[in-house]
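Reader: I would like to learn how to read the features of a protein model with care. Could we go through one together, a feature at a time?

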Amino acid sequence: MRMEWFNVGKIVNTHGIKGEWKVYPITDFEEERFAQGMILYLSKGSMERMPVTVSHSRRHKQHRLLTVEEISSVEEAETWRDAVLQIPETELTELHEDEFYYYEIIGCRVYAEEGTFLGEVKEVQSPGANDVWVVEAAGGGSDILIPYIDDIVKRVDVKEKTVIIHVMEGLLP
């Protein structure tokens, strides 16, 4: 059986001179995924995945600054720019009802309660109190930002890849 891999971060740059990375997190459980001692897997192009062990991690604006035991210089770190950090499917944990992994939400088709197709979720952001689902609007135009709150998101069916929302005034661009 083939192992599935899930992206938890993208290395966007280096930081400092000791091999620290600036990582854009793509994960539901940022503190857990980047905790000291966590094993992540580097993946870049056709290169074989390389396991790395988190030695230090800290939040910096919308990024994470991350050092791993296997990288000790900015030159080594630089070779992994634009790589992704992944975990195997065996690292996924069971979620509570009405909780979803990002990969389950990304790609969902979004409909208004009355049935109008609004677009498809292309990204999940975690700016603060609740997640925001970024929907690529059907027919082009500006992205639609959907806060994941009960007043807006009425139903999520990850098997059917559909989301039903209540369109409040000011929600649509």
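This is a predicted model: local features need pLDDT of at least 70, side-chain atom pairs count only at pLDDT 80 or more; totals for chains, interfaces and linings use all residues.

Reader: Which residues gather in a patch of negative charge on the surface?

Author: Residues are numbered from 1 along each chain as its sequence is written, and side-chain values use heavy atoms, with hydrogens and water left out. Patches are made of residues with over 30% relative accessible area and no salt bridge, like charges being joined within 9 Å and nonpolar side chains (Val, Leu, Ile, Met, Phe, Trp, Tyr) within 5 Å. Lys and Arg count as positive and Asp and Glu as negative, with His and the chain ends not counted, and the place of a charge is taken as NZ of Lys, CZ of Arg, CG of Asp or CD of Glu. Here the negative patch on the surface is formed by E97, D98, E99, D150 and D151.

Reader: Where does E99 lie, and how should I read its accessibility?

Author: Accessible areas come from the Shrake-Rupley method with a 1.4 Å probe, and for residues only the protein chains shown count as cover. Buried means under 20% relative accessible area, exposed means over 50%, and partly exposed is in between (1.4 Å probe, protein chains only). E99 has a relative accessible area of 37% and is therefore partly exposed; this residue sits in the loop between β6 (84-88) and α3 (102-105). Helices (H or I, at least four residues) and strands (E, at least two) are DSSP runs, numbered from the N terminus. Counted in that way, the protein has three helices and twelve strands, and of its 173 residues 38% count as buried.

Reader: Why is β6 described as largely enclosed, and which of its residues point which way?

Author: In a regular strand the side chains alternate between the two faces of the sheet. In β6, V84, Q86 and P88 point one way and L85 and I87 the other way, and all are buried. Because five of the five residues of β6 are buried, this strand is largely enclosed by the rest of the structure.

Reader: Which strands pair with β6, and in what sense?

Author: Two strands pair if DSSP finds at least two bridges between them. Strand β1 (residues 5-15) pairs with β6 in the antiparallel sense over five bridges, and within that pairing G9 stands opposite L85. Strand β3 (residues 39-43) also runs antiparallel to β6, joined to it by three bridges, with Y41 opposite Q86.

Reader: What would the corresponding picture be for strand β12?

Author: In β12 (residues 162-165), T162 and I164 point one way and V163 and I165 the other way, and all are buried. Strand β7 (residues 109-112) runs parallel to β12 and is joined to it by four bridges, with R109 standing opposite T162. Strand β11 (residues 153-157) is antiparallel to β12, again with four bridges, and V153 has I165 as its bridge partner. The hairpin of β11 and β12 has four residues between the strands, and in this hairpin K161 takes a positive phi near 55°.

Reader: How many salt bridges does the structure hold, and which parts of the chain does the pair of E20 and R58 link?

Author: Side chains of opposite charge can pair when their charged atoms come close. A salt bridge is a side-chain nitrogen of Lys or Arg within 4 Å of a carboxyl oxygen of Asp or Glu, and the structure holds seven of them. In one of them E20 pairs with R58, the closest N and O atoms being 3.5 Å apart. This pair links distant parts of the chain, with E20 in strand β2 (residues 20-25) and R58 in strand β4 (residues 50-60), 38 residues apart. E20 counts as buried because its relative accessibility is 11%, whereas R58, at 34%, is partly exposed.

Reader: What does the salt bridge between R59 and E30 tie together?

Author: The closest N and O atoms of R59 and E30 are 3.0 Å apart. R59 lies in strand β4 and E30 in helix α1 (residues 30-33), so the pair ties together parts that are 29 residues apart in sequence. R59 is partly exposed at 39% relative accessibility, while E30, at 17%, is buried. E30 and R59 also belong to a network of salt bridges that includes E31 and R64.
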